[in-house]
Amino acid sequence: MQLELLLLIFSSLFFASILAGKAGSRFGVPALLLFLGVGMLFGSDGLGIRFDNIKTAQMVGTVALSAILFSGGLDTKISDIKPFLKPGVTLATFGVLVTALATGVVLYLLMGRSFGMDLMLCLLLAATMSSTDSASVFSILRGKGLNLKHNLRPTLELESGANDPMAYVLTLTFITLCTQGGSPDWGQALLMLVTQLVVGFVAGWLFGKGMVWSINKINLDNAALYPILVLAGSFFVFAATYYMQGNSYLAVYIAGLVVGNSKFVHKRSIRNFFDGITWLAQLSMFLTLGLLVNPSELKHVLVPGLIISVVMILVTRPLAVFLSLAPFRNYMLKDRLFVSWVGLRGAVPIIFAILCRASGVPHSDEMFNIVFLCTLVSLVAQGTSLPLVARWLGVSEPPARQLNNAPQHFDIDFPEEIKSSSTEIEIKQPMLVKGCRLMDLGLPEKTLAIMVKRDDNFFVPTGKTVLHEGDRLMVLTDNQEELEAKLHIIGAIEPPAEPPKRRWTSIFFEDE
């Protein structure tokens, strides 16, 4: 295939996915689900793009997932998750184990014999879907802007970011048992799990410290190279930990945590860069996985896929959550119910199912289609209903009233250590009634006007600067609430409107 044709196909896929994601966000449909849908639409059963390279799909998924996990750690503050470290780690380890074992046993009793799958195959199938997907959880919780009570969000993000190693080790263990036969050596499996977790944690912490040192010590002439340096470092952590017999997924997440909670130059630009990389990784991963599946084959696993989805959503995931959080009394019943509902499946289970196909596991084709179908059901049923379930359970609260303080016309970046808030104000006619000079606006104390944009010109104002309608004023303040109140009084901004009520339709929310 010609390079120009490949570029045309990939650019069209990406463009269609971005438009679908933008349209879907209005109706509460997870963008990741739409990325999968676009891949399926362009695939062999849709517009005819044939893609069946398992190794390429596995490579794309692994690279994308490493970038997503690093970015997730980069955006997570240790101070936020430290109080919830024990419940988060318990959910990420013991919770995954309970989910895998309970789901595998239930599947074997319900339909194992009828589908010719023994207990080990059922446990393997359950293990591939035993972890919540970090890409789905990060994307949906942050994309929907859910403001959860009782600090549920850091608990859920910590669990989803740290539970892949347990699921990965369980999947590898059951793959070995299914392909080589013999009785399970649970002692060896436990030793493998502990080794992977310990080596992965230590390697991630050490490499993360090394990355911070490198960023601060290497004086690059071109500042644009710093994000590239960090991206290369994240891939190095993933690969090096693999050769150290540690868990690469845990290592890259820990490295992101270490880097994100350290002081280094160009921190804000690096974070902005990884926000874009994360979306690119998610889009690439879900598009590839969507192209890989043939929708016509899903009808053959429709019944078992729906049964497994119901079992995991309503039985085994809640069982694992309630057992894992039993020692932690600060989680009320409604908190545990919501955590149970956020058992989102996504790309990770599909990647693990691809690993089963690449290893030649019996019934691996059927298992892949089942996992893919369960992922679709999870994203539709759980992903679209998170805001509704959060309101029903009373664990969400309206976001705090605050001014949108992201300057749009001033390309100025402040270090993260500066706690002052930068705000852009458009000068309107009602604001000039008491006078046209800057001092006549009566800005509150601890607020400094630092720049004015008039047409295409920028200049630093003084108190006597005469303002014109349409000017844009950039201010820096340590008193955000008082500034917002003052801007309401002088007519600079409108009071925040009540959020629109949403009604439930067949598969999504719709603004009334």
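Helices H16 and H19 run roughly antiparallel to each other (angles over 145 degrees). H16 spans residues 333-341 and H19 spans residues 386-393; helices are DSSP runs of H or I, at least four residues, numbered from the N terminus. The two pack at an angle of about 170°, with their axes 10 Å apart. Axes are lines fitted to C-alpha atoms over the stretch in contact, and angles run from 0 to 180 degrees between N-to-C directions. H16 contributes Lys 334, Leu 337, Phe 338 and Trp 341 to the contact (heavy atoms within 4.5 Å). H19 contributes Leu 386, Val 389, Ala 390 and Leu 393. By class, the contact has 7 nonpolar, no polar and 1 charged residues.

The model is predicted; local features need pLDDT of at least 70, side-chain atom pairs count only at pLDDT 80 or more, and totals for chains, interfaces and linings use all residues. Residues are numbered from 1 along each chain as its sequence is written, and side-chain values use heavy atoms, without hydrogens and water.

Just after H19, Gly 394 takes a positive phi of about 70°.

Asp 440 lies in the loop between strands E1 (421-426) and E2 (447-454); strands are DSSP runs of E, at least two residues. Not counting residues up to four places away in sequence, Asp 440 touches Lys 434 and Gly 435. The C-alpha atoms of Asp 440 and Gly 463 are separated by 8.3 Å, with the two residues 23 apart along the chain.

How values were computed. Angles under 35 degrees count as roughly parallel, over 145 as roughly antiparallel, 65 to 115 as roughly perpendicular and the rest as oblique. Ala, Val, Leu, Ile, Met, Phe, Trp, Tyr, Cys and Pro count as nonpolar, Asp, Glu, Lys and Arg as charged, and the others, Gly among them, as polar.
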